[in-house]
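Q: I would like to learn how to read a sheet and the helices around it. Can we work through a case together?

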Amino acid sequence: MVYLDNGSTSFPKPEYVLKKTFKAVSENYGSSMRSSSTENNDIIYETRKKLAKLMNVPFASNVIFTSNSTEALNAIINGFLNEGDRVISTAIEHNSVVRPLAKLRKSKHIKTNWVKCDGKGLVDPDEMINLIKEKKPKLVIMNHASNITGKVQNVEKVGKFIDKLPNTYFLVDASQSLGHIPFDNEKIKADFIAFTGHKALLGFSGIGGYYIKPNIQIEPLKVGGTGVLSELVCQPAGSPVHYECGTQNIVGITSLYYSLDFLNELNVENVKKELLEKTEYLISKLNHFSDVNVYSEKNPVGIVSFNIKGIVPSRLSTILSENYNIVTRAGLICAPFIHEFLGSNPFGIIRASVSHFTSKEDMDQLINAIEDILTNIDNMRNINFPQEYVNPSIYDYCD
């Protein structure tokens with residue numbers, strides 16, 4: 001099998017991570033802060049410290065664990081915004097941002113504005129800054145790297161501008177970027193950072209989290225047992241206990257503990273350079289085919305999105321899987337707004353996403369499969385594309 005869906009979940013997981021995680025969870029017992037075992041306690045806090053170092057944030061206790069970045073984004077958006085607040089975001093956002101905001105438009109009457117992107121998924125930071133000046137939002141949300149094209153955004157320029165404003169806060173979605181490219185929050189100035197463990201961080205599924213600046217407090221998404229201060233009937237104050245309750249995903253956290261060691265050995269800067277080279281190679285090969293539209297430019301998050309003219313991308317992905325044993329992803333891929341600007345409505349794109357473990361032979365197998373499909377293109381083009389479509393537009397959700 002050729003696995004080219006690392007943008008969804010990285011695979012394979014490093015052998016080191018598998019072995020060390022299995023050993024740790026086999027030998028330790030008990031729940032964090034709920035038994036005589038202290039090993040789990042230590043590994044949770046040590047993992048927070050490693051993540052804080054990776055993001056260059058000062059307080060490990062303000063790294064909060066969730067099940068994934070979707071829960072992290074929901075926790076921040078729902079816990080921070082109040083009735084009538086305004087939010088500015090972008091056309092490249094994932095549904096984990098779009099849907100919570102759409103829900104709050106109804107339940108809390110929040111107002112939203114969206115900044116468009118270009119045909120490669122790049123958001124103009126100056127356009128965003130100008131809109132911030134005009135609308136004075138409470139929260140600005142920006143995807144650090146598009147999960148559709150891999151385009152990395154200038155969050156540093158936007159963050160530095162927001163940092164000077166007294167009543168506007170900045171949320172960066174680092175789901176696709178953290179672990180692929182260096183992240184320095186001393187330069188980015190994000191108030192919130194959402195991340196997931198199962199993509200570039202090379203951990204297991206079911207673990208993610210967010211960073212929250214210590215001068216900010218939000219309503220917790222969940223309340224319940226914390227293992228300490230049980231005499232309080234309200235959720236205890238202070239981070240992380242205010243935001244975390246119930247038994248932690250110790251397996252997922254342990255996988256991150258070891259995957260971050262593995263990642264440090266690789267060096268994130270080296271990962272960035274490697275993925276720039278791999279995406280450049282794959283894009284250059286795809287551009288040789290006149291019937292292929294490529295939406296990505298070389299990028300450090302490993303994403304190459306494209307279409308074959310006249311073939312629905314989900315069908316092409318199925319053909320690659322069933323006929324060539326190549327795993328890709330296709331469709332709108334949980335980011336409905338961006339396709340209006342890429343020209344990939346109504347069916348979206350096919351995405352091949354590479355990782356450190358992707359070989360040149362893997363990429364060549366994809367290229368050979370595409371070439372083979374193109375030789376039989378007339379038989380493939382048997383689905384009529386509609387002349388009109390009803391996919392959502394950012395302009396339908398602006399106030």
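A: We can start with a pair of strands. This model is predicted. Strands E12 and E13 (residues 349-353) run antiparallel and are joined by three bridges.

Q: Which residue in E13 is the bridge partner of Ala-330?
A: The partner of Ala-330 is Ile-350.

Q: In what order do the strands of the sheet come?
A: The order is read from one side of the sheet to the other. Here four strands form an open sheet in the order E9-E10-E13-E12, and the pairing is antiparallel. Strand E9 (292-294) and strand E12 (329-331) are the edge strands, since each pairs on one side only. On average, neighbouring strands of this sheet are turned by 30 degrees against each other, direction ignored.

Q: Which strands does helix H10 lie across?
A: Helix H10, residues 313-324, lies across strand E10 (303-308), E12 and E13, and runs at about 40 degrees to E13. Helix H12 (residues 360-375) also packs on the sheet, where H12 touches E9, E10 and E13. The direction of H12 makes about 10 degrees with that of E10.

Q: Is Leu-275 buried or exposed?
A: A residue is called buried when its relative accessible area is under 20%. Leu-275 has a value of 0%, so Leu-275 is buried. This residue lies in helix H9 (residues 268-286).

Q: What is Leu-275 in contact with, leaving aside its neighbours within four places in sequence?
A: The contacts of Leu-275 are His-180, Asn-299, Pro-300, Val-301, Gly-302, Val-354, Ser-355 and His-356.

Key: Residues numbered from 1 in each chain as written. Predicted model: local features only at pLDDT ≥ 70, side-chain atom pairs only at ≥ 80, totals over all residues. Heavy atoms only, no water. Pairing = 2+ DSSP bridges. Helix = DSSP H or I, 4+ residues; strand = E, 2+ residues; numbered from the N terminus. Axes fitted to C-alpha atoms, helices over the stretch in contact; angles between N-to-C directions. Contact = heavy atoms within 4.5 Å. Buried < 20%, exposed > 50% of the residue type's maximum accessible area, 1.4 Å probe, protein only.
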